[in-house]
Amino acid sequence: MKRRNVLKMSLGATTAVLTAPATAQSEKAEPEAAAPACLPWPAPRPGGAGAAGLLGHCRIGTGPAVCVVLHEWLGDHVNWEPTLSYFDPGRHTLLFVDLRGYGWSRGMAGRFELGEATDDVLRLTEQLQIWRFHLVGHSMSGLIAQQIALQAPQRIQSVTLFSPVPPTGFHADDAAMRALNAVVDEDDAASRAIGSRTSNRYGPGWLRRKLAIARGAATSEAMRGYLKMFTTSAIADPGRLTAPLHVVSGAQDIPFYRNEAFRSAFAAAYPHATFEIIDDAGHYTMLETPVRVASIIEKHVAAAT
């Protein structure tokens, strides 16, 4: 089945404001219901045009611990929405960032390469005058987060990665590459990929929701570009990492993200890395177990601050 238009579903609550008409018996109309004070994503900033444009982003919270949060291949910032209620905004400032071609940066063209993504994130934080921060990555952006931490070690306080691409990259043979390329255009292929990464434990409602997030997240060009990035790139000289690194896996994910080879790749590259497994989640931990994910981030940030 070829890709079709899928309505991007909001994951936040929607408030309807109803106004009752005045009646002949009343001297004045009842006041209107108040609008919600805060939307799930307050005042997001869209990405800028041109090679030097800033990535789209949204800042939530006012706390001293600044966390830069990146996304995966089949989702943008929307993946993180279920976690928002579980962070302490007085302790944390969360900067959710969309890479080129995704979400708030959907209109930004690019090469969609590891170096470009790394430079984009660092340029954004510099422009926002964020000089020291914690990094959070998911899946393909786990590779980008590793490169950022190695390129600007003096600026990184900690790195927390969820089901990340290891420093050796995501090696895929010809059959796997055909299957991954099909995900970009074919809903059936995307649904199979999503299902396999959660051990096919959930019903059709989950697949519809996650597919809608994926289809609303990115351009086809960006998806193909980043697919090439995380299947052909690797981290050079990873031993230079100085920030604490915590790697989180879902026990229900595909074997690649939870087997011994995966853990060994991180342990060999980063001898001081720590590991954690969420038993009741697959690849999309922030959607499947949002309370646990927020707590893991807060705990690791607190230990490194």
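Okay, let's start with a rule: rings of Phe, Tyr and Trp (its six-membered ring) pair if their centres lie within 6.5 Å, with planes under 30 degrees apart counted as stacked, over 60 as edge-to-face and the rest as tilted.

Before we go on, a bit of housekeeping. This is a predicted model, where local features need pLDDT of at least 70 and side-chain atom pairs count only at pLDDT 80 or more, while totals for chains, interfaces and linings use all residues. Residues are numbered from 1 along each chain as its sequence is written, and side-chain values use heavy atoms, leaving out hydrogens and water.

How confident is the predictor? pLDDT is its confidence in each residue, from 0 to 100. The chain averages 89, and 87% of the residues score at least 70. Over residues 1-38, though, the pLDDT is below 50. Where pLDDT is low, the predicted coordinates should not be read in detail.

Back to the rings. By our rule there are 16 aromatic pairs. Take Trp73 and Phe230: the ring centres are 5.8 Å apart and the planes sit at 75°, so this pair is edge-to-face. Trp73 is in the loop between β2 and β3 and Phe230 is in helix α6, so the pair ties together parts 157 residues apart in sequence. Helices here are DSSP runs of H or I, at least four residues, and strands are runs of E, at least two, numbered from the N terminus. Both Trp73 and Phe230 are buried, meaning under 20% relative accessible area with a 1.4 Å probe, protein chains only.

Now Trp206 and Tyr284: centres 6.0 Å apart, planes at 50°, so that pair is tilted. Trp206 and Tyr284 are buried too.

Trp206 is also one of the buried residues of α5, along with others including Lys210 and Arg215. What covers the buried residues of α5? The cover includes α3 (174-185), α4 (187-196) and α8 (285-288).

Helix α1, residues 114-127, has buried residues as well, among them Leu114, Val121 and Leu124. The buried residues of α1 pack against several elements, including β1 (57-60), β4 (133-138) and α6 (220-232). Just after α1, Gln129 takes a positive phi of about 60°.

Last stop, the strands. β6 (residues 245-250) and β7 (residues 274-278) run parallel, joined by five bridges. Within that pairing, His246 stands opposite Thr274 in β7.

Definitions and conventions: Buried means under 20% relative accessible area, exposed over 50%, partly exposed in between (1.4 Å probe, protein chains only). Contact means heavy atoms within 4.5 Å. Two strands pair if DSSP finds at least two bridges between them. pLDDT is the predictor's confidence in each residue, from 0 to 100.
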